[in-house]
Amino acid sequence: MAHDVVLIPGDGIGPEITSAMRRVVEATGVDIAWHEEQAGAGVMEEYGTPLPQRVLDAVAEVGVAIKGPITTPIGTGFRSVNVALRQAFNLYACVRPCVSLPGDGSRYHDVDLVIFRENTEDLYAGIEFDPGSPEVAALAGLVDQAGLRPFRADSAISIKPISEAGSRAIVEAAFAYAENCGRHKVTAVHKANIMKATDGLFLRTAREVASEHPSIAFDDKIVDAACMGLVQDPTSFDVLVLPNLYGDIVSDLCAGLVGGLGMAPGANIGASCAIFEATHGSAPDIAGKDLANPTAEILSAAMMLDHLGETEAAERVRAAVRATLAEGITVTADVRRALTGSTEGAAGTQAYADAVIAHL
Ligand code: NAI
C-alpha cells in the first residue's frame with residue numbers, strides 16, 4: 001500500500017529542490033501517494049493567509065509531510081509559516097543530523113553529531129509587543145512592581161517562555177534517540193548563567209532527565225562556549241539538546257561544519273505528526289536558476305523514509321548521495337566552490353539529482 005505524504009514545495013528554491021527530492025524518492029521504488037499543497041506568500045491573495053486551512057487539514061489527516069523552505073518577510077508582514085506549522089502540530093522536536101560527507105568541501109572530517117532543538121517555545125513563541133503599545137506599558141508596570149531595573153520606555157518586547165514540560169519533552173527525545181541509535185553522550189546547551197529563570201529551568205530539567213538515563217553520558221555547555229568548542233573540535237560532540245533560538249543558530253553553525261546549508265537535513269517531530277525539511281531557507285539569491293544544492297532536502301527525505309519504516313530505501317538514498325559526492329564530478333556550485341574555489345564545471349540542481357538517481 002502506498003504511503004501518503006503531503007508535499008509542500010514552498011517558495012524560492014523550494015520548488016526546485018523538492019522536485020529533485022521527489023524524483024530521487026520515486027527512483028527508490030517506494031510507493032508514495034503525494035498530496036501537493038501550497039503555502040507561503042504565493043497563496044496570500046487566494047486564501048488571505050500564507051498558511052491556508054486546507055494545508056493544515058491535509059497534514060493533520062496524513063500525519064507525514066515534507067516541505068521546501070518558505071520565505072518569511074523580515075521585520076514586518078506575516079509571521080513565519082514554518083514556525084506556525086511547528087506550533088499547530090506541536091512538533092516539539094527539531095532533529096538535525098550533521099554528518100560529514102565525502103567530498104563535501106568542508107575543512108572538517110568525521111563530524112557526526114545530531115541536534116535536538118526545542119521547536120515550539122522560547123523567543124519563537126511569537127509573543128511580541130511594539131514600542132508604545134499598552135502591553136509594553138503594562139509590562140513596565142510589572143517590572144516596576146517587582147523592583148527590577150526598568151527598561152527603556154521606547155522598547156519593543158519579546159517574551160521568552162521556557163516551560164518544564166517543553167524542556168522535558170525535548171531532552172527526553174534526545175536521550176531516547178541516544179539510547180536507540182547507539183549514541184554515547186548528550187550535551188545540554190544553554191545560557192543559564194545569565195537567564196537563570198528560563199535557561200536555568202531548561203538546565204535543571206535536563207539534569208533531572210539525564211539522571212534517569214545513566215547509560216548515556218551527560219554534560220552541559222554555555223552556548224557561546226559550545227560554539228567555540230564546535231568550531232575547534234566538532235568530533236567531541238555527539239547529541240546536542242538546545243532551546244529553540246540557540247538550536248536554530250547552532251544548527252546553521254553545524255551545517256557549516258559539514259559543507260554548508262545545502263547539506264544539512266532536518267525533521268520536525270511531534271506525537272502524531274512529522275514534517276521533514278532541510279535546515280536552510282528559501283535562498284532567494286539563487287532561486288529559479290537551477291543552482292541550489294538539493295542534498296539537504298534529499299537527506300530529509302531519507303529521514304522521512306526511515307520514519308515510514310522504509311529503512312532500506314533510506315539507506316540506499318544516503319549511499320547514493322555519498323557516492324555522488326565522493327565521485328565529485330556532478331556536484332552543485334556550492335560544493336564545487338568549496339572544493340576548488342571556483343564554480344566552473346558545476347552541475348545544476350536537476351543534473352545532480354540525476355547523478356544521485358544513477359547511483360541508487
Ligand atoms: P538561506 O538559508 O535561505 O540562505 C543563506 C545562504 O545559503 C544563501 O547565500 C543561500 O544561497 C545559501 N543556500 C541556502 N540553501 C542552499 C542550497 N540548498 N544550496 C545552495 N546554497 C544554499 O537563509 P536566508 O537568506 O537567511 O533566508 C531566506 C528566507 O528563507 C527568509 O525569508 C527566511 O525567513 C526563510 N527561511 C525559511 C526556513 C524554512 O522554510 N524552514 C528556514 C530558514 C529561513
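Which residue has a polar backbone atom 2.7 Å from an oxygen atom of the ligand? In this predicted model, that residue is Ala283. A side-chain N or O atom of Asn82 lies 2.9 Å from a ligand oxygen. A polar backbone atom of Asn293 lies 2.9 Å from a ligand nitrogen. The ligand on its own exposes 810 Å², and the protein buries 70% of this area.

The shell around the ligand comprises 22 residues. Ile70, Thr72, Gly281, Ala283 and Asn293 are the closest. Sorted by class, the shell holds 8 nonpolar, 9 polar and 5 charged residues.

Helix H6 was examined next. Helix H6 covers residues 164-180, 17 residues in total. The distance from its first C-alpha to its last is 24 Å. This is close to the 24 Å expected at 1.5 Å a residue. At the start of H6, a side-chain oxygen of Ser163 comes within 2.8 Å of the backbone nitrogen of Gly166. Just after H6, Gly182 adopts a positive phi of about 65°.

Gly166 is also one of the buried residues of H6. An α-helix has 3.6 residues a turn, so residues three or four places apart point the same way. The cover over the buried residues of H6 includes strands E4 (93-99), E5 (112-118), E8 (185-190), E9 (217-222) and E10 (239-242). Helix H7 (198-211) also belongs to this cover.

Terms used:
Residues are numbered from 1 along each chain as its sequence is written. This is a predicted model: local features need pLDDT of at least 70, side-chain atom pairs count only at pLDDT 80 or more; totals for chains, interfaces and linings use all residues. Side-chain values use heavy atoms; hydrogens and water are left out. Helices (H or I, at least four residues) and strands (E, at least two) are DSSP runs, numbered from the N terminus. The expected span of a helix is 1.5 Å times one less than its number of residues. Buried means under 20% relative accessible area, exposed over 50%, partly exposed in between (1.4 Å probe, protein chains only). Contact means heavy atoms within 4.5 Å. A polar contact is a pair of N or O atoms within 3.5 Å; within protein, one must be able to donate a hydrogen and the other to accept it, and residues adjacent in sequence count only if both atoms are side-chain atoms. A residue is near a molecule or strand if one of its heavy atoms lies within 4 Å of it. Accessible areas come from the Shrake-Rupley method with a 1.4 Å probe; for residues, only the protein chains shown count as cover. Ala, Val, Leu, Ile, Met, Phe, Trp, Tyr, Cys and Pro count as nonpolar, Asp, Glu, Lys and Arg as charged, and the others, Gly among them, as polar.
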